[in-house]
Amino acid sequence: MTNEFLSTSVRIQVTHLKNVIFYIISIFIASIFSITINESKNLQTYANERPQALEGLGITEHLGAQLNIHQLIFQDEFNHPIFLSEFFKTKKPVILTLVYYECPMLCNLLLNGVLDSIKQIDWNLGKQFEIITVSINPHENPKLAQEKKSTYLKNYNRLDAEKNWHFLTGEDSQIRELASEVGFKYRYDPNEKQFIHTAAIYIITPEGKISRYLYGTSFKPQNLKLSLLEASRGTIATSTLDQILLFCFHFDPNKNSYTLKIWRVIQLVICFQVLVLAGVMTYLWKNDKTIKQPL
């Protein structure tokens, strides 16, 4: 009688535990849907109107396009001619920036934004990714490139960065070809003696294909890291947590940011809950068998 009572008690506990777990899952899913609805209400899109000075400028995205890295040739900081393909031999994703070194403001803001972001992620320039900075001004020279590089490397202050952040100059034809391939439209204003352009960085795969565009002059460290992880396609060593983050986030072009994939999170949580439930039920089932054994 005692054994039957204990067995019945265990089964009641299992049933109650299942009900509690399923209730928790239901509450979690309802909360996720509520968050999704609120986020959709707050979604902001970029305005279609632009100042007249920017007409004909901007960026046309060429996601997935292959850059002509084996034909495009520039000068490095030591005035050595070098094909872009040389920077892809490490099989790492690349952050590409198109600026000019004597830019009075915007280019510096963009490079500062890149620097601030890479300093905040737990990856190291050269180990998990490379940076290529190309001047769009054909009259700038390697000396200017070297000076700009020294400034940013001093602020970055990590080992081996010197070999992996490349500041290039080049001929107008090569610059314009690269700009055209990434969809970057700019022009020179002779009155202001400045180049007019928009601000963005380009995430390039280890094979030289355009993987992602990130706009603006500041970049969330998580966005930058996820875009590099996405571009790497498993070619760089990452933690399990990084892989889970990539699984749970996707790039939202309207927000220019990675946002949570709600269903992916739900899948992970449900899988975890099922595993926990299975473990608890197995444990209780074994205890139930022990109770039923004759003395």
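Ala200, Tyr202 and Ile204 point one way from strand E10, whereas Ile201 and Ile203 point the other way, and all are buried. Buried here means under 20% relative accessible area, with exposed meaning over 50% and partly exposed lying in between (1.4 Å probe, protein chains only). Because five of the five residues of E10 (residues 200-204) are buried, this strand is largely enclosed by the rest of the structure. Strands (E, at least two residues) and helices (H or I, at least four) are DSSP runs, numbered from the N terminus. The model is predicted: local features need pLDDT of at least 70, side-chain atom pairs count only at pLDDT 80 or more, and totals for chains, interfaces and linings use all residues. Residues are numbered from 1 along each chain as its sequence is written, and side-chain values use heavy atoms, with hydrogens and water left out.

E10 pairs with other strands, where pairing requires that DSSP finds at least two bridges between two strands. E4 and E10 run antiparallel and are joined by four bridges; Ile95 has Ile203 of E10 as its bridge partner. With strand E11 (residues 210-215), E10 pairs in the antiparallel sense over five bridges, and Tyr202 stands opposite Tyr213. E10 and E11 form a hairpin with five residues between them, and Gly208 in the turn has a positive phi of about 95°.

Strand E4 (residues 94-99) contains Thr97, which is buried at a relative accessible area of 1%. Contact is taken as heavy atoms within 4.5 Å. Not counting residues up to four places away in sequence, Thr97 touches Leu110, Leu111, Val114, Ile132, Thr133, Val134 and Ile201. With neighbours within four places likewise left aside, Leu96 is in contact with residues including Leu67, Leu178, Val182, Tyr202 and Ile204.

Leu96 also belongs to the largest nonpolar core, which has 59 residues; Leu96, Leu98, Ile118 and Trp165 have the most contacts inside it. Such a core is a set of buried Ala, Val, Leu, Ile, Met, Phe, Trp, Tyr and Cys residues joined through side-chain atoms within 4.5 Å. Helix H2 (residues 106-120) gives the most to this core, with six residues.

How many disulfides are there, if a disulfide is a pair of cysteine sulfur atoms within 2.5 Å? The count is zero. Cys103 is in no disulfide, and the nearest cysteine sulfur, that of Cys107, is 3.2 Å away. Cys103 counts as buried at 7% relative accessibility, and Cys107 is buried with a relative accessible area of 1%.

Technical notes:
Disulfide = S-S within 2.5 Å.
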